[in-house]
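Let's walk through this model together, one question at a time. Please take a look at the sequence and the structure first.

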Amino acid sequence: QVQLVESGGGLVQAGGSLRLSCAASITIFSISNMGWYRQAPGKQRELVATFARGGSTNYVDSVKGRFTISRDNAKNTVYLQMNSLKPEDTAVYYCNADLSGGLGLRAYVYWGQGTQVTVSS
């Protein structure tokens, strides 16, 4: 069983920064597809930033230039640096790991419990 534990969420004013961490219970060196999703109240969960096969990164348009995803394989941790935060970034942020190589096979996709990010105006 893979466990993903997020941390780093909190309350911040607009324009501020937060760094989210996702610690995995397994070695992530060989896991190409890991990333962050978020879900705001009344909205569907959406991709925020992910690593994909080959080490490429994907970002939702609304966070490009403000958020940066990174990983430390030695610490089995993925990070999300969030700068210039906006009230519309308020959501629960979830860490995701897809051990099926990006195929999204349910039995091989794992989620963390989520961490709340609240941005006040």
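**Questions and answers**

Q: Which residues does Gly 104 touch, not counting residues up to four places away in sequence?
A: Touching here is contact, meaning heavy atoms within 4.5 Å. With residues up to four places away in sequence set aside, Gly 104 touches Asp 98 and Val 109.

Q: What kind of model is this?
A: Residues are numbered from 1 along each chain as its sequence is written, and side-chain values use heavy atoms, with hydrogens and water left out. Local features need pLDDT of at least 70, side-chain atom pairs count only at pLDDT 80 or more, and totals for chains, interfaces and linings use all residues, as this is a predicted model.

Q: Where is Gly 104 found, and what is its relative accessible area?
A: Gly 104 is found in the loop between β9 (91-98) and β10 (109-111). On the scale used here, buried means under 20% relative accessible area, exposed over 50%, and partly exposed in between (1.4 Å probe, protein chains only). Gly 104 counts as partly exposed, because its relative accessible area is 44%.

Q: How many Å separate the C-alpha atoms of Gly 104 and Asn 33?
A: Along the chain, Gly 104 and Asn 33 are 71 residues apart.

Q: How many residues of β9 are buried?
A: Across the protein, 42% of the 121 residues count as buried. Strand β9 is mostly covered, and of its 8 residues the buried number is 7.

Q: Over how many bridges do β4 and β9 pair, and which residue is the bridge partner of Gly 35?
A: Two strands pair if DSSP finds at least two bridges between them. Strand β4 (residues 33-39) and β9 pair in the antiparallel sense over 7 bridges. In β9, the partner of Gly 35 is Asn 96.

Q: Which residue in β10 is the bridge partner of Asn 96?
A: β9 and β10 are also an antiparallel pair, with 3 bridges. On the β10 side, Asn 96 has as its partner Trp 111.

Q: Which residue in β11 stands opposite Ala 91?
A: Strand β11 (residues 115-120) pairs with β9 over 3 bridges, in the antiparallel sense. Opposite Ala 91 stands Val 117.

Q: How many Å apart are Gly 10 and Val 117, C-alpha to C-alpha?
A: Gly 10 has its place in strand β2 (residues 10-13). Leaving aside neighbours within four places in sequence, Gly 10 is in contact with Leu 18, Gln 116, Val 117 and Thr 118. Gly 10 and Val 117 are 107 residues apart in sequence, while their C-alpha distance is 5.0 Å.

Q: Which residues form the uncovered face of β1?
A: In a regular strand the side chains alternate between the two faces of the sheet. In β1 (residues 4-7), Leu 4 and Glu 6 make up the covered face. The uncovered face holds Val 5 and Ser 7.

Q: Is Asn 76 buried or exposed?
A: Asn 76 is found in the loop between β7 (67-72) and β8 (77-82). Its phi is near 50°, a positive value in a residue other than glycine. Because its relative accessibility is 18%, Asn 76 counts as buried.

Q: What is the relative accessibility of Ser 84?
A: Ser 84 lies in the loop between β8 and β9, and its phi is near 50°, a positive value in a residue other than glycine. Ser 84 counts as partly exposed because its relative accessibility is 40%.

Q: What is the radius of gyration of the protein?
A: The radius is taken over C-alpha atoms, and the globule rule is 2.2 Å times the number of residues to the power 0.38. For 121 residues, a compact globule would come out near 14 Å, so the protein agrees with its 14 Å.

Key:
Helix = DSSP H or I, 4+ residues; strand = E, 2+ residues; numbered from the N terminus.
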